[in-house]
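My entries follow in the order in which I made them.

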Amino acid sequence: FGLSSIHTIRALGQIGVSSVDSSRPAKSAAYNEVLYSRPFRRFGILVEGRATGIIPEKKCLTTPLPCKCPVCQQNAQDILKVGERKYIALRTVHNYFQMKWAITHTAQRDATE
């Protein structure tokens, strides 16, 4: 699907879909994008004052936001490094963690509403 919209995932849950497959976190990582939940949003990466992807500079980060994913607990700055496959892999783990958190907490909130 390539789902990245939490609203779409929520709507699918409301019609009985209990599982989705998304490559969005990995694709975002490859295109130097960082996902965050609470609320769910997408940022680019700024290196030497320039955006490294298609996201405008004003929506790019030079410092990571607070995060409890395993990558950020080790070295949060790694998710904002570019140019090596290992950083794409680390960003992918971070992005999946954030998307899972957003989906899980959206589902929990829907169950209590």
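Contact, as I use the word, means heavy atoms within 4.5 Å. The model is a predicted one: local features need pLDDT of at least 70, side-chain atom pairs count only at pLDDT 80 or more, and totals for chains, interfaces and linings use all residues. Residues are numbered from 1 along each chain as its sequence is written, and side-chain values use heavy atoms, with hydrogens and water left out.

Entry: Phe43 and Asn32.
I looked up the contacts of Phe43, leaving aside neighbours within four places in sequence, and found Asn32, Glu33, Val34, Tyr36, Ile55, Lys59, Leu61 and Leu65. I then turned to Asn32, which lies in the loop between helix H2 (24-30) and S1. Helices (H or I, at least four residues) and strands (E, at least two) are DSSP runs, numbered from the N terminus. Asn32 counts as buried because its relative accessibility is 13%; buried means under 20% relative accessible area, exposed over 50%, and partly exposed in between (1.4 Å probe, protein chains only). With neighbours within four places again set aside, Asn32 is in contact with Phe43, Gly44, Ile45, Thr52, Val82 and Arg91.

Entry: core.
I take a nonpolar core to be a set of buried Ala, Val, Leu, Ile, Met, Phe, Trp, Tyr and Cys residues joined through side-chain atoms within 4.5 Å. The largest one has eleven residues: Val34, Tyr36, Phe43, Ile45, Leu61, Cys67, Cys69, Val71, Cys72, Ile79 and Leu80. Strand S1 (33-36), strand S2 (41-47) and helix H3 (70-75) are the elements that give two or more residues to this core.

Entry: strands.
I count two strands as paired if DSSP finds at least two bridges between them. S1 and S2 run antiparallel and are joined by four bridges, with Tyr36 opposite Arg41 in S2. They form a hairpin with four residues between them, and Arg38 in the turn has a positive phi of about 70 degrees. S2 also pairs with strand S3 (residues 50-51), in the antiparallel sense over two bridges; here Val47 stands opposite Arg50 in S3. This hairpin has two residues between its strands, and Glu48 in the turn has a positive phi of about 50 degrees. S2 and strand S4 (residues 60-61) run parallel, with two bridges, and Gly44 stands opposite Cys60 in S4.

Entry: cysteines.
How many disulfides does the structure hold? I found zero, taking a disulfide as a pair of cysteine sulfur atoms within 2.5 Å. Cys69 is in no disulfide, the nearest cysteine sulfur being that of Cys67, 3.5 Å away. Cys69 has 0% relative accessibility and so counts as buried.

Entry: salt bridges.
My criterion is a side-chain nitrogen of Lys or Arg within 4 Å of a carboxyl oxygen of Asp or Glu. A search of the whole structure finds two. Arg42 forms one with Glu33, the closest N and O atoms being 3.3 Å apart. Arg42 is partly exposed, with a relative accessible area of 40%, whereas Glu33 is buried at 3%. The other joins the side chains of Asp78 and Lys81 (3.1 Å, N to O). Asp78 counts as buried at 14% relative accessibility, and Lys81 as partly exposed at 31%.

Entry: Lys27.
I found Lys27 in helix H2, partly exposed with a relative accessible area of 43%. The C-alpha atoms of Lys27 and Thr92 are separated by 8.1 Å, although the two are 65 residues apart along the chain.
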